[in-house]
Amino acid sequence: MCRAQAPGWPGTHGYECLTKLDDVVVCPLGARHAGGFQTSRADRSDGADKGGAMSAVTLLVAGLALMAAGYFVYSRFIAQKILKLDPNYETPSHAMQDGIDYVPTNKYVLWGHHFTSVAGAAPIVGPAIAVIWGWLPAFVWVVCGTIFIAGVHDMSAVWASVRNRGLSIGAIAGRVVNGRTRSLFMVVIFLLLLMVNAVFGVVIAQMMIKTPSSVLPVWGALVVAFIIGQCIYRYKMNLFWVSLIGVVALYLLIYLGPVFPLRLPEDMMGLPTNAWWIILLFVYAAVASLLPVWMLLQPRDYINGLQLFVGLLVLYAAIFLVNPTVVAPALNENVPAGTPPIMPLLFVTIACGAISGFHGLVSTGTTSKQVDREPDSRFVGYFGAMGEGMLALAAILVATAGFATLADWQAVYSAFGKGGIGAFIDGGAAVMNAGIGLDPTLSATMLTVMAALFAGTTMDTGVRLQRYIFQEWGEIYNIKSFQKGWVATFLAVGSCMLLAFGAGGLKGDGGMLIWPLFGTTNQLMAGLTLLVVTVMLLKAGRKVWFTLIPMAFLLFVSVIALLLQLKSFYDEGNWLLVVLDLVILACSILASLECISVLKRNWSGRKDGDEEVA
């Protein structure tokens, strides 16, 4: 979702790194320094040696190998022994098929939707900020978090929703716990989606303003996606050839982007450029949320997922060819003044790429309604989370090995919040230029399009999820008008626009006001999702340690971070964030207590069995 996770600590840059893409100057592999790019111990300066002298390729191989083991071993164990995915279970996509939201979908196409919807900019920004504490904590959290928490979270959330008619995690909480818990969940979910949708409009707008060469491929991808949807569903064409042609078309658009850069006028009808981009993005998101999922959202996410995966492989290949040295320290003992403590901030600064509550909203919102066979939940959910982990791993390597010396790295990471998308784009472009000779402008366009497409698909899904929330409220409280798709969409987009322009003025960046709460709210949501899944497993007589332990850890670090934020907001006199912080904290604690009460009632006399899950 991204979606930087830095929680806006006093005296830090907080979330500014999301939109100020040019506030970071990254040394492109030493090209701006007399010493040149460093690739071996013999060539490195003393400053680089103090950084730990680790090969980026070593970290890359280790990280990918561990994640592969997680998928082939650990995820199979969870799927077969804990969730007990049943190939004969009738999924909601078949039982409730309507051709709009409930559509049986090929697992590879659905993986593309899930991966790109959950990714956003966070797996890029979060790790690129968190390496200020050193590359080792970021590396360990991304790899272990992906294997033992994120993959299990996404897969089990999809399973939980499939077993509950494709309902959202909030509605599931109402079924397996009680109505009070459902209401508390809904408040947290609504605020989380409001943050994501309002801010991602700003993020994408700033990307297209800063890199006009990305405009053509970003919007042209919509046309490609629409055609692919028709080819797959209307004309039943072969998926392989449709996919191949679609990826080639997307990369052709990326090639044409620098040739035909597109810009909006700086002022139209009294509104600045970024305001018009935000309006256009929300108009598109509203239309896309009402269209049948197979027509635009699903094929767009699928083909974008393939394109983004190809881009990631190109970046990995460049790292293998160049084999840059990680000049940043493994553990940074000289963090800049004002940097918050690594505990618990590391675990909310890096969310997506290790674990993210937004994943649970997608898993139980759009993904579960398209699962063809229940065992597909493993590939779609767990491997989708792995995709984000691999992207986060690349961000760590680019943000620590894209410098000639430790001193150069320290010059950029002079304060908490430095780095982010700018570091990923500039450093990644430099790596690809040095490794495979790709033109720097084309490389920067490719990486900007990657980030923008991730953010755009997350925004698409986020608006659709917010529409579902209003429709579920309509069903819960018997408000007939809310149950209508166009009314729910109007309310979803209207609430985002009200925050964007009502609080932000003509610039439309009002979402940035509440964005500092995203990191902790997001991780709290992940813990609460695992808590509901744990209740389901316990009621069914299944083993719960594999969800219970990650859940307890996430709730602990998130509550501590939220309390620390509360003090900082109070000291700053930021009463809006104080109130919202208290609301989120109260809802989360009360929902947790309700779930824990149910856990306690079901704990005695439990046994491992095969009871039906509902």
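Predicted model: local features only at pLDDT ≥ 70, side-chain atom pairs only at ≥ 80, totals over all residues.
Q: At what angle do helix 21 and helix 22 pack?
A: About 155°, with the axes 10 Å apart. Helix 21 covers residues 545–572. Helix 22 covers residues 575–603.

Q: Parallel or antiparallel, roughly?
A: Roughly antiparallel, because angles over 145 degrees get that label. That describes helix 21 relative to helix 22.

Q: And is the crossing left-handed or right-handed?
A: The crossing of helix 21 and helix 22 is left-handed.

Q: Which residues of helix 21 make the contact?
A: Trp545, Leu548, Leu555, Val559, Leu562, Leu563, Gln565, Leu566, Phe569 and Tyr570.

Q: Which ones from helix 22?
A: Trp575, Leu577, Val578, Asp581, Leu582, Ile584, Leu585, Ser592 and Trp603.

Q: Switching to the backbone. Is the peptide bond from Met343 to Pro344 cis or trans?
A: The bond is cis, with omega near 10°.

Q: Where is Pro344?
A: Pro344 is in helix 13, which spans residues 342–349.

Q: What about phi of Arg165?
A: Phi is near 60° there. That is a positive value, and Arg165 is not a glycine.

Q: Where is Arg165 found?
A: In the loop between helix 6 (135–162) and helix 7 (169–176).

Q: How does Arg165 count for accessibility, buried or exposed or in between?
A: Arg165 counts as partly exposed, at 45% relative accessibility. The exposed class needs over 50%.

Q: And phi of Asn478?
A: Positive again, about 55°, in a residue that is not a glycine. Asn478 lies in the loop between helix 18 (440–476) and helix 19 (485–504).

Q: Is Asn478 buried or exposed?
A: Exposed, because its relative accessible area is 52% and the cut-off is over 50%.

Q: New topic. How many disulfides does a search of the whole structure find?
A: Zero disulfides.

Q: Then where does Cys352 stand, buried or exposed?
A: Cys352 is buried, at 0% relative accessibility.

Q: And Cys587, buried or exposed?
A: Cys587 also counts as buried, because its relative accessibility is 10% and buried means under 20%.

Methods:
Residues numbered from 1 in each chain as written. Heavy atoms only, no water. Axes fitted to C-alpha atoms, helices over the stretch in contact; angles between N-to-C directions. Helix = DSSP H or I, 4+ residues; strand = E, 2+ residues; numbered from the N terminus. Parallel < 35°, antiparallel > 145°, perpendicular 65-115°, else oblique. Left-handed = near helix turned anticlockwise from the far one by under 90°. Contact = heavy atoms within 4.5 Å. Buried < 20%, exposed > 50% of the residue type's maximum accessible area, 1.4 Å probe, protein only. Disulfide = S-S within 2.5 Å.
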